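This report describes one protein model for a reader who has not seen it before. Look over the sequence and the structure, then read on.

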Amino acid sequence: MYNLGEHFRPNYGAAAVNSESVIQGKKYRITIMTERLIRLEYNENGVFEDRPTELAWFRNFEKPNFQIKQEEKYLEITTKYFKLFYIK
């Protein structure tokens, strides 16, 4: 197959998320990308995909404003635009 050149190679470093916007448990990972956009992931083995998707290639946004409330079994994430209740 023809090599198109290095300038077409994906820059996965630019696609990395802001680690301050990630809430992770044993089997789930929630990334608050903006006050209106979140990424929800679940895996029985706790293994998650870090490569970008076509929808959100550049994901290293500033940390959005959000609040977290946690209990042993429940997680609540609130931004200006949504409230997410998650059963761990």
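**Arg 51 and its surroundings**

Leaving aside residues up to four places away in sequence, Arg 51 touches Tyr 12, Arg 39 and Arg 59; contact here means heavy atoms within 4.5 Å. Between Arg 51 and Tyr 12 there are 39 residues in sequence, while their C-alpha atoms are 6.9 Å apart in space. Arg 51 belongs to the loop between β3 and β4 (67–70). Helices (H or I, at least four residues) and strands (E, at least two) are DSSP runs, numbered from the N terminus.

**Basis of the model and confidence**

This is a predicted model, in which local features need pLDDT of at least 70, side-chain atom pairs count only at pLDDT 80 or more, and totals for chains, interfaces and linings use all residues. Residues are numbered from 1 along each chain as its sequence is written, and side-chain values use heavy atoms, with hydrogens and water left out.

The predictor's confidence in each residue is given as pLDDT, from 0 to 100. For the protein the mean pLDDT is 88, and 93% of its residues reach 70 or more. Among its elements, the lowest mean pLDDT (93) belongs to β3, and the highest (97) to strand β5 (residues 74–78).

**The three-stranded sheet**

An open sheet is formed by three strands in the order β1-β2-β3, with antiparallel pairing. Its edge strands, each pairing on one side only, are β1 (22–24) and β3 (38–42). From one strand to the next the twist averages 10 degrees; axes are lines fitted to C-alpha atoms, for helices over the stretch in contact, and angles run from 0 to 180 degrees between N-to-C directions.

Two strands count as paired if DSSP finds at least two bridges between them. β1 and strand β2 (residues 28–32) pair in the antiparallel sense over three bridges. Opposite Val 22 stands Thr 31 in β2.

**Two loop residues**

Gly 25 sits in the loop between β1 and β2. Its relative accessibility is 21%, so Gly 25 counts as partly exposed; buried means under 20% relative accessible area, exposed over 50%, and partly exposed in between (1.4 Å probe, protein chains only). The C-alpha atoms of Gly 25 and Tyr 42 are separated by 9.5 Å, with the two residues 17 apart along the chain.

Thr 79 is found in the loop between β5 and β6 (83–87). Thr 79 counts as buried because its relative accessibility is 9%. Not counting residues up to four places away in sequence, Thr 79 touches Ile 32, Glu 35, Asn 65 and Phe 66.

**Salt bridges**

Side chains of opposite charge can pair when their charged atoms come close. A salt bridge is a side-chain nitrogen of Lys or Arg within 4 Å of a carboxyl oxygen of Asp or Glu, and by this rule the count comes to five. One of them joins the side chains of Lys 27 and Glu 44 (3.1 Å, N to O). Lys 27 lies in the loop between β1 and β2 and Glu 44 in the loop between β3 and β4, so the pair ties together parts that are 17 residues apart in sequence.

Arg 29 is buried, with a relative accessible area of 12%. Its side chain meets that of Glu 41 in a salt bridge (2.8 Å, N to O). This pair links distant parts of the chain, with Glu 41 in strand β3 and Arg 29 in strand β2, twelve residues apart. The side chains of Asp 50 and Arg 29 also form a salt bridge (2.9 Å, N to O). Asp 50 is exposed, at a relative accessible area of 52%. Arg 29, Arg 39, Glu 41 and Asp 50 are linked in a network of salt bridges.
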